[in-house]
Amino acid sequence: MNVCMVAYSFYDSDNRVRRYAESLAQRGEYVEALSLRRPGQAAYEIVRGVHVHRIQERVVNERGPLSYLIRLLLFFFRSAFFLTKTHLRRPYGLIHVHSVPDFQVFATLLPRFTGAKIILDIHDIVPEFYASKFGVSEQSLAFRLLLLVEKLSCSFAHHVIIANHIWYEKLLNRSVKTGHCTAMINYPDCSIFYRRPEAAPDPSRFVLCYPGTLNWHQGLDVAVRALAIVRETVPHAQLWIVGDGAERDNLKRLVHELGLADTVLLRGLVPIEGVATIMSSVDLGVVPKRSNSFGNEAFSTKIMEFMAMGVPVLASETRIDRYYFDGELVRFFQSGSPEDMAVKIIELIDNLPDRQALIAKANAFIAQNSWDVKKVDYLSLVDHLVSPTLGAGESATEDRSRAAL
């Protein structure tokens, strides 16, 4: 079967897209991926069996909704052309479209009506994401239009995957029919994120790490301010921020203002394998999302990836993380509070047994909740869409969607 993943993202660092693509390639499907490319990156490359076509260059520097929309539209038309041309020559059995944006699913128009099955995978629920990113009210015309686009996009796809169970219930209430939607959280790929042999402790430093997108709702300014407090009593503490995004320049300015240039390291965008290598060498993972924003319901896979690597996690208390985790798996702090975050960091630095207890509980949790364990649900869904007699059926899909961890 010919399969295509379509994502307005950098394939190398998008673990969700890569997991799907590589799982299908490993079982013998011919898998392509349409994605963005960074300056100087190859336009075509085979990555772990997946044929990656980087059809548009992007620098993450959008300053407003218009510049963001223009780039989305350019990618939409380029991907639509690629999919149409390729499908006429070598028909696709499945096209898996990743949102943001939701309307990207319409790039599959010709393949969809000539035999290809279409999955729309909503990584971030778009109306709320847009409102948070650009400060738009949920009562605004733009928000209501995005709700309409969401509903039309979900109706166009044969099946919708949504990134967590809270959003699953929200979609069922407003945009998608029961039985046509599945919740799949971002499970860690243990072929990449796994425990390395333990190195000897380095008493000269204690490293905190955040790997991911640099958006305002991620609360990284809170983490930087917390580290400024921590350094007053733990001068060897460091914070490594791995990734790129709209808040990069603001974070650079804040680091400079607080005199933390030798303490906070902004490492830029790194392929997944490189991220895992960095994560394996740190002492504490931090996920400081804001609970009064989009971050309250946006699930961060980095929590589970740190767990898989044997790194304890400190996270802000958000609705989504309290839904999946408790205080024995993750140490929580008050969202938006640098002071409380600093207190919790110092407590964990000073208490090795607490860190070890978090690691032990997380290890048992990941044994049941990794991509190795859960990918059967995705492959079963694909088989059911392409050949209904092979799949698990709509009722089984619905039951899986409703089941929490």
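Let me start with Leu 141, which is found in helix H5 (residues 141–156), where helices (H or I, at least four residues) and strands (E, at least two) are DSSP runs numbered from the N terminus. Please keep in mind that this is a predicted model, in which local features need pLDDT of at least 70 and side-chain atom pairs count only at pLDDT 80 or more, while totals for chains, interfaces and linings use all residues. Residues are numbered from 1 along each chain as its sequence is written, and side-chain values use heavy atoms, with hydrogens and water left out.

Is Leu 141 buried or exposed? Leu 141 counts as exposed because its relative accessibility is 54%; buried means under 20% relative accessible area, exposed over 50%, and partly exposed in between (1.4 Å probe, protein chains only).

Now to the sheet. Six strands form an open sheet in the order S11-S10-S9-S12-S13-S14, with parallel pairing, and two strands pair if DSSP finds at least two bridges between them. Strand S11 (264–268) and strand S14 (331–333) stand at the edges with a single partner strand each, so one side of each is left without a neighbour in the sheet.

Strand S12 (residues 284–287) pairs with strand S13 (residues 313–316) in the parallel sense over three bridges, and Val 286 stands opposite Leu 314 in S13. S9 and S12 also pair in the parallel sense, over two bridges, and Cys 209 has Gly 285 in S12 as its bridge partner.

In a regular strand the side chains alternate between the two faces of the sheet. In S12, Leu 284 and Val 286 point one way, Gly 285 and Val 287 point the other way, and all are buried.
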